[in-house]
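Here is a short tour of a helix pair and a group of aromatic rings. Have the model open as you read.

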Amino acid sequence: SIRFHSANGLVDLAQVNGKELKTLRRDMQMIFQDPMASLNPRMTVGEIIAEPLLIHGIGSRAEREAQVAEMLTKVGLPTNIRHRYPHAFSGGQRQRISIARALILRPRFVVCDEAVSALDVSVQAQVINLLRDLQEEFQLTYIFVSHDLSVVRHISNRVAVMYFGKIVELGATEELFDSPQHPYTRSLLSAIPQPDPRKKMKIIPYQPEQSGNCV
């Protein structure tokens, strides 16, 4: 089962049909890893961001344009870029466009699939801070998928550690980082690079037979 708290209550997404699922998709959006691959190169920025509104039949053309302009402002981009194409922008700007597209429907839940891994470190920080600000403003729930543990610690309230497709540990962020319980989690955290080259890393090897049952 895939249980989702929609505006109408708890829904099992595995049991709903296509028409119901389309309605529910307004509440669920996604930000992909590679902004260049996930943006249609034949569409302008304005068309890309407005497309979810068009698909769900929301607003007139003028109202959609106004919402696009508002969302561009919220993600820190000028409104006069609406008629330009994705290739004209940097990776960070393209990801901001992707975020604007994901949030234009005012969803309740957003999956961020390695949403900053394709960006350089300085741009990563900007996009992560933007995501946190938008989360607070729109009261969003994120599932943030990442292999970068520093990013995970910065943005997450709760962390699920996965090993071979199974959750082996789940807990509040600080508790998990400060006192990991599962051997795989301890091994994972020990491999975080140390910024000080004088400090010797002590990587803990993981032996699957240590783990016992998943938590």
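In this predicted model, helix α3 (residues 45-55) packs against helix α5 (residues 91-103) at an angle of about 30°, with the axes 7 Å apart. The two helices are therefore roughly parallel (an angle under 35 degrees), and their crossing is right-handed, meaning that the near helix is turned clockwise from the far one by less than a right angle. Where do they touch? Val45, Ile48, Ile49 and Pro52 in α3 meet Ile97, Ala100 and Arg101 in α5, with contact meaning heavy atoms within 4.5 Å. Of these contact residues, six are nonpolar, none is polar and one is charged.

Now for the rings. Rings of Phe, Tyr and Trp (its six-membered ring) pair if their centres lie within 6.5 Å; planes under 30 degrees apart are stacked, over 60 edge-to-face and the rest tilted. By this rule there are five aromatic pairs. Two of them are set out here:

| Pair | Centres | Planes | Type |
|---|---|---|---|
| Tyr163 and Phe164 | 4.9 Å | 70° | edge-to-face |
| Tyr163 and Tyr184 | 4.7 Å | 50° | tilted |

Tyr163 lies in strand β6 (residues 158-163) and Tyr184 in helix α9 (residues 183-190), so their pair ties together parts that are 21 residues apart in sequence. Ring pairs link Tyr163, Phe164, Tyr184 and Tyr206 into a cluster.

Buried means under 20% relative accessible area, exposed over 50%, and partly exposed in between (1.4 Å probe, protein chains only). Tyr184 is buried at 18%, Tyr163 is partly exposed at 23%, and Phe164 is exposed at 74%.

Residues are numbered from 1 along each chain as its sequence is written. Local features need pLDDT of at least 70, side-chain atom pairs count only at pLDDT 80 or more, and totals for chains, interfaces and linings use all residues, while side-chain values use heavy atoms, leaving out hydrogens and water.

Key. Axes fitted to C-alpha atoms, helices over the stretch in contact; angles between N-to-C directions. Helix = DSSP H or I, 4+ residues; strand = E, 2+ residues; numbered from the N terminus. Parallel < 35°, antiparallel > 145°, perpendicular 65-115°, else oblique. Nonpolar A, V, L, I, M, F, W, Y, C, P; charged D, E, K, R; others polar.
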